[in-house]
Amino acid sequence: MNTYQQIQPDDLIAMLSSGPVLLVDVRNDDEVARGIIEGAIHIPLALLPLQCDALNKTEPIVFYCHSGVRSAHAAAFAISKGYKDVYNLSGGVLSWARAGFPFVPNSSMPKA
């Protein structure tokens, strides 16, 4: 049975610098309004079943959320849909911030 892998922030940095990675933020709109990891796309977890088929299956895909719980559900869902190279950012943006890595404004969010 295929399953996703848990990764740490340092692992994600290494992945992002070594080649194409599809980084998916599954948090809610109000959460991503505070910032995202650079290069991420935003698909709220509730919308993932509607948008999953449009995601690239040839690149590694990393899901993240606030603490890693919702993104674990997203990763499991992607595996169930046939994605092979799937990762969950363990600890989510909390672990990312604790590791000292930055966030950028979400450019897809409407400006107030």
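What pattern does the chain follow when read along the sequence? The pattern is β-α-β-α-β-α-β-α-β-α. Here are some notes to go with the structure above, which is a predicted model.

1. **Overall make-up.** The chain has five helices and five strands. Its C-alpha atoms fill a box of roughly 40 × 30 × 25 Å along the principal axes. For 112 residues, a compact globule would have a radius of gyration near 13 Å, and the chain agrees with that at 13 Å.

2. **Surface and contacts.** Of the 112 residues, 44% count as buried. The accessible surface comes to about 6,100 Å², with 56% of it belonging to carbon and sulfur atoms. If you take the contacts between residues at least 6 apart in sequence, 68% of them join residues at least 24 apart.

3. The five strands form an open sheet in the order 1-5-4-2-3, and the pairing is parallel. Strand 1 (5-7) and strand 3 (41-42) stand at the edges with a single partner strand each, so one side of each is left without a neighbour in the sheet.

4. **Strand 4 and its partners.** Strand 4 covers residues 61-64 and pairs with strand 5 in the parallel sense over three bridges. Along this pairing, Ile 61 stands opposite Val 86, and Val 62 stands opposite Tyr 87. Strand 4 also pairs with strand 2 (residues 22-25), again in the parallel sense, over four bridges.

5. **Which way do the side chains of strand 4 point, and are they buried or exposed?** Ile 61 and Phe 63 point one way, while Val 62 and Tyr 64 point the other way. All of these residues are buried.

6. **Salt bridges.** Side chains of opposite charge can pair when their charged atoms come close. In this model the count comes to two salt bridges. One joins Asp 25 to Arg 27, with the closest N and O atoms 2.7 Å apart. Both Asp 25 and Arg 27 are buried.

7. **The Arg 70 and Glu 31 pair.** The other salt bridge brings together the side chains of Arg 70 and Glu 31, at 2.9 Å from N to O. Arg 70 lies in helix 4 (residues 69-80) and Glu 31 in helix 2 (residues 29-32), so the pair ties together parts that are 39 residues apart in sequence. Arg 70 counts as partly exposed, at 23% relative accessibility, whereas Glu 31 is buried at 11%.

8. **What does the side chain of His 42 reach?** It reaches the backbone oxygen of Arg 27, at 2.7 Å. His 42 belongs to strand 3, and with a relative accessible area of 19% the residue is buried. The cut-off for buried is under 20%. Leaving aside neighbours within four places in sequence, His 42 is in contact with Asp 25, Arg 27, Asn 28, Asp 29, Val 32 and Asn 106. That list includes Asp 25 and Arg 27, the partners in the salt bridge at 2.7 Å.

9. **Asn 88.** This residue lies in strand 5 (residues 86-89) and is buried, with a relative accessible area of 1%. A polar atom of the Asn 88 side chain lies 3.2 Å from the backbone oxygen of Gly 68. Beyond its neighbours within four places in sequence, Asn 88 is in contact with several residues, among them Tyr 4, Gln 5, Gln 6 and Ile 7. Its contacts also include Phe 63, Gly 68, Ser 71, Ala 72 and Ala 75.

10. **Gln 8.** You will find Gln 8 in the loop between strand 1 and helix 1 (9-18). Gln 8 is partly exposed, with a relative accessible area of 41%. Not counting residues up to four places away in sequence, Gln 8 touches Leu 89 and Ser 90. Gln 8 and Val 69 are 61 residues apart in sequence, and their C-alpha atoms are 14 Å apart in space.

Methods. Residues are numbered from 1 along each chain as its sequence is written. This is a predicted model: local features need pLDDT of at least 70, side-chain atom pairs count only at pLDDT 80 or more; totals for chains, interfaces and linings use all residues. Side-chain values use heavy atoms; hydrogens and water are left out. A salt bridge is a side-chain nitrogen of Lys or Arg within 4 Å of a carboxyl oxygen of Asp or Glu. Buried means under 20% relative accessible area, exposed over 50%, partly exposed in between (1.4 Å probe, protein chains only). Helices (H or I, at least four residues) and strands (E, at least two) are DSSP runs, numbered from the N terminus. A polar contact is a pair of N or O atoms within 3.5 Å; within protein, one must be able to donate a hydrogen and the other to accept it, and residues adjacent in sequence count only if both atoms are side-chain atoms. Contact means heavy atoms within 4.5 Å. The radius of gyration is taken over C-alpha atoms; the globule rule is 2.2 Å times the number of residues to the power 0.38. Accessible areas come from the Shrake-Rupley method with a 1.4 Å probe; for residues, only the protein chains shown count as cover. Two strands pair if DSSP finds at least two bridges between them.
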